[in-house]
Amino acid sequence: MAEILSDTIDWSAYERETEAAVKVRPAHAFADDLQAEFAQKSHSQKSVMFSTKLRDVIEFRPGEVTCWAGYSGHRKSMFTGQVALDLIVQRERTLLASMEMSPARTLARMVRQAFGVERPEADRLRSFSAWTDGRLWLFDHMGRVAPGVMQAVCMYFATEKQGRHVFIDSMMMVCGSEESLDEQKQFATDLCRLAQETGLHVHLVTHCRKPQSGAEDKPPTKYDLRGSAAISDQASNVITVWANKPKAAKLKANPCDDEALQQPDAAVTVEKQRNGAWEGRIKLWWDEASLRFVDDRTSPMEPYRMAPA
């Protein structure tokens with residue numbers, strides 16, 4: 001089953017100095033890396049979110065940080081949970097550090113997404129637990145965690161578990177105060193450096209400021225993130241997740257509103273992609289029973305293909 005990283009582990013051995021030594025190396029030392037830059041990857045070699053339209057427009061590359069942003073209550077965590085599920089299907093060793101939700105609750109959401117149903121049978125729960133071996137880890141901690149400890153957890157996962165992806169949910173559980181701009185800037189800097197040094201892809205969930213008007217009827221941009229601008233400036237990718245709450249309000253008033261039914265339930269916008277060509281917005285629909293985001297209203301809710309290791 002998915003392995004739990006206990007909160008009792010001594011992280012001090014993995015804590016890092018805030019200033020790393022400068023590494024000066026001759027250009028020929030990067031010959032293999034240079035070849036890799038120009039090598040054509042097959043689609044199966046890329047780490048992507050294959051279950052939505054993002055599959056063709058963004059890759060989650062080693063050594064990068066992706067910032068997932070959105071207003072409170074707009075299903076950021078639900079969406080990133082589906083991203084994580086897609087990655088572990090691709091045998092990407094993934095750690096979920098969700099400090100706002102218990103591991104059991106996190107897994108319950110993921111199981112619903114995996115099987116496409118609201119209440120999976122007991123045998124499916126057992127098969128999912130077995131299937132996650134060597135693919136999925138969870139950080140067993142709720143509440144705020146110090147930036148140094150969070151970095152140590154990432155370093156531990158990279159070095160001891162050969163990890164590939166870490167999801168930190170959320171920034172405010174690491175740097176709690178929006179006024180601590182220097183702390184946020186330092187954490188963003190350290191996280192980017194850690195990703196580059198270990199080859200991890202770090203997925204950082206952040207919140208957006210509530211608009212001055214109070215209305216959340218339009219998707220936010222990378223300029224709406226709470227706290228330090230360094231978060232979006234230093235991240236390789238910035239992606240916003242927005243729930244179409246005006247549509248939900250219309251359907252609550254009239255479930256048969258055809259015009260509202262035609263509208264998407266969510267908009268996911270690639271606001272920044274440093275090492276990719278595409279930036280733009282995709283429209284998605286939401287299935288309540290499975291907690292899954294899909295490409296259109298008619299997409300069938302079929303279970304994921306969970307091949308054995």
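Guide: Buried means under 20% relative accessible area, exposed means over 50%, and partly exposed is in between, using a 1.4 Å probe and protein chains only. This is a predicted model: local features need pLDDT of at least 70, side-chain atom pairs count only at pLDDT 80 or more, and totals for chains, interfaces and linings use all residues. Residues are numbered from 1 along each chain as its sequence is written, and side-chain values use heavy atoms, leaving out hydrogens and water.

Start at Leu291. Leu291 sits in the loop between β9 (280–287) and β10. Helices (H or I, at least four residues) and strands (E, at least two) are DSSP runs numbered from the N terminus. Leu291 counts as buried because its relative accessible area is 6%. Its phi is positive, near 60 degrees, and it is not a glycine. Most residues other than glycine have a negative phi.

Gln82 touches Leu291, along with Met49, Ser51, Thr52, Gln113, Arg292, Phe293 and Tyr304, setting aside residues up to four places away in sequence. Contact here means heavy atoms within 4.5 Å. Gln82 is buried, with a relative accessible area of 0%. Its side chain makes a polar contact with the side chain of Ser51, at 2.9 Å. Such a contact is a pair of N or O atoms within 3.5 Å; within protein, one must be able to donate a hydrogen and the other to accept it, and residues adjacent in sequence count only if both atoms are side-chain atoms.

Now widen to the helix. Gln82 belongs to α2, residues 76–89. Of the 14 residues of α2, 13 are buried, and the helix is mostly covered. Its length checks out. The 14 residues should span 20 Å at 1.5 Å a residue, and the end C-alpha atoms are 20 Å apart, which agrees. The expected span is 1.5 Å times one less than the number of residues.

In the loop between β2 and α2 lies Arg75. Its phi is about 70 degrees, although it is not a glycine. Arg75 counts as partly exposed because its relative accessibility is 29%. Just after α2, Arg91 has a positive phi of about 65 degrees.

Next, the sheet. It is open and has 10 strands, in the order β1-β4-β3-β5-β6-β2-β7-β8-β9-β10, with mixed pairing. Two strands pair if DSSP finds at least two bridges between them. β1 (3–6) and β10 (292–294) are at the edges; each has a single partner strand, so one side of each has no neighbour in the sheet. Neighbouring strands are turned by 25 degrees against each other on average, direction ignored. Helix α3 (residues 103–115) packs on this sheet and touches β1, β3, β4 and β10; its direction makes about 150 degrees with that of β4. Axes are lines fitted to C-alpha atoms, for helices over the stretch in contact, and angles run from 0 to 180 degrees between N-to-C directions.

α3 also meets α2. The buried residues of α3 pack against β1, α2, β3, α4 (122–131), β4 and β10. Among those buried residues are Met110 and Gln113, and Gln113 is one of the residues that Gln82 touches. After α3 comes Gly116, with a positive phi near 70 degrees.

Of its 6 residues, 6 are buried, so β2 is largely enclosed by the rest of the structure. Val65, Cys67 and Ala69 point one way, while Thr66, Trp68 and Gly70 point the other way. β2 runs parallel to β6, joined by 6 bridges. Cys67 has Leu204 in β6 as its bridge partner. β2 also pairs in the parallel sense with β7, over 4 bridges. There, Trp68 has Ile239 as its bridge partner.

Finally, the cores. A nonpolar core is a set of buried Ala, Val, Leu, Ile, Met, Phe, Trp, Tyr and Cys residues joined through side-chain atoms within 4.5 Å. The largest has 41 residues, and Leu95, Met99 and Phe187 are among those with the most contacts inside it. Elements giving it two or more residues include β2 (65–70), β3 (94–98) and β7 (237–243). Apart from that core lies another, of 38 residues, including Met110 and Tyr304. That brings us back: Tyr304 is one of the residues that Gln82 touches.
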